[in-house]
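Notebook open, model loaded. I went through it one spot at a time and jotted down what I looked up.

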Amino acid sequence: MSSPVGIYLSIPFCKAKCSFCNFASDAFGMDRLGTYVDRLCEEIGQARLNAEDMAASLGFSADTIYFGGGTPSLLSPDHVDKIFSALRRLFEISDRAEITVECAPGQLNAETLEEFQRQGVNRVSLGVQSFVDREARAVGRLHTGAECEAEIARLHRAGIEKTGIDLIVGLPHQTEASWRESLQRAMESGVGHVSVYMLEVDEESRLGREALAGGVRYGAGELPSDDQVAGWYELGCELLNAGGLRQYEISNFGKEGHVSKHNTKYWQRLPYIGFGLDAHSMLCTDGGTIRFQNADELSLYMAGPSDDLFPIAGALSARPERVSMDAAFEETLFLGLRMVEGVRLSRLREEFGEAKMASVMPSIREVCDAALMRMDADLLRLTPRGRMASNEVFSRLLIPDPAEV
Ligand code: SF4
């Protein structure tokens, strides 16, 4: 029997584009949201056929659903109903399923919230980014800190079981004091989950383009240094852990019972299917796992299935990719190391064999000697320093290319 699948739905519509954002989302215009939802439902309806064409197994039950984007809170009650009807035609959604919706503070109307709850939504993640108004404004957020606090209180009053927020460390104008303020207000708000992302200035984002061109509109000249950001990330880990929001992944902190089950599927390499613009999927086949990804341009996604791409799928950006044994090993190791609980060496040995382990053991020892990772008997974990430098750790653990040995 196939394991329950996780479902991701991309709703890439936003009211305004934040300066740091490099997602496929945009202020596409609300008049296009209805046709987008129809296209999304059409893609959901094709999913089983598509999976068969790829010889992939798509379970009949779903135990996590995640509406991301974009700003899914912009959906109307009718859109929400249509999407859930399409999902229920294909999947049995368990009563205990974790169903998350990402919302922008101040952009969730009462009717949509009510419909989400009627459909079983029990977790809301708010894109706060900063409780400090100057910082939020500088990157194009449309809310104030006080509005974020009011939104969290409203969700709690409405009976949403689990609430979480995203914060960004490294925003323009941020100081240690203002970062402490955001963390403090996050903890006082009573949310059960906090994600902390270190700002990466992507050259394709407005902020990135301004940083390259030397403009002033988005505050690129007011960005803190890499060392400051690293120190504030560590400070965030310390304060959140002390406040009962225990770190369980490089960027994620949760109270007991509030760990994101959906995101944990990604880190544990459990099957998930994504629908919508730029959505990613990973499914199991008899010969291992495959990954595939939808088009990241709205016009291409809306155009629907393309004859050029295998199979009849819902607007893939490329052919589905079979994950090789080496890549699966690296994914298991790297994604597992993102989790604070770490990876069991015995699990890697069992799944991938002794030879694969032997090829990477010298690098594992080296990284442990550099105090970036710890091996406690069977358990391999990043140290706090290793979490800060995770990209460096992962590049040092890549399986050696036989041609280069
Ligand atoms: S609301 Fe989220 S998805 Fe939309 S532009 Fe801002 S960061 Fe990107």
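Predicted model: local features only at pLDDT ≥ 70, side-chain atom pairs only at ≥ 80, totals over all residues.

Residues are numbered from 1 along each chain as its sequence is written, and side-chain values use heavy atoms, with hydrogens and water left out.

**Aromatic pairs**

How many aromatic pairs does the whole structure hold? My search gave 10. Rings of Phe, Tyr and Trp (its six-membered ring) pair if their centres lie within 6.5 Å; planes under 30 degrees apart are stacked, over 60 edge-to-face, and the rest tilted.

I looked at Phe329 and Phe352 again: with ring centres 5.3 Å apart and planes at 85°, the pair is edge-to-face. Phe329 belongs to helix H11 (residues 325-338) and Phe352 to helix H12 (residues 345-352), so this pair ties together parts 23 residues apart in sequence. Helices (H or I, at least four residues) and strands (E, at least two) are DSSP runs, numbered from the N terminus.

Next I took Phe334 and Phe394, which are stacked at 4.9 Å centre to centre with 15° between the planes. Phe334 is in helix H11 and Phe394 in helix H15 (residues 390-396), so here the parts tied together are 60 residues apart in sequence. Phe334 has 14% relative accessibility and therefore counts as buried; Phe394, at 11%, counts as buried as well.

I also found a cluster in which ring pairs link Phe13, Phe28, Tyr36 and Tyr301. Over the ring of Tyr301 sits the charged end of Arg39, 4.8 Å from the centre (NZ of Lys or CZ of Arg must be within 6 Å of the ring centre and within 35 degrees of the ring normal). Arg48 does likewise over the face of Phe91, at 5.6 Å from the ring centre.

**Strands**

Strand E6 (residues 162-169) came next: 8 of its 8 residues are buried, so the rest of the structure largely encloses E6. Lys162, Gly164, Asp166 and Ile168 point one way, Thr163, Ile165, Leu167 and Val169 the other.

I then followed its partners (two strands pair if DSSP finds at least two bridges between them). Strand E5 (residues 123-129) runs parallel to E6 with 5 bridges, and Val124 stands opposite Thr163. Strand E7 (residues 193-198) is joined to E6 by 6 bridges, also parallel, with Ile168 opposite Tyr197.

Elsewhere I traced an open antiparallel sheet of 3 strands in the order E14-E16-E15. Strand E14 (343-344) and strand E15 (373-376) are at the edges with a single partner strand each, so one side of each has no neighbour in the sheet. E15 pairs with strand E16 (residues 379-382) over 4 bridges, and Asp376 has Leu379 as its bridge partner.

**Gln107**

Is Gln107 buried or exposed? I read 12% relative accessibility, so Gln107 counts as buried. Gln107 is in the loop between strand E4 (92-103) and helix H3 (110-118). Beyond its neighbours within four places in sequence, its contacts (heavy atoms within 4.5 Å) are Lys15, Thr71, Ser73, Leu74, Leu142 and Glu151.

Definitions and conventions
Buried < 20%, exposed > 50% of the residue type's maximum accessible area, 1.4 Å probe, protein only.
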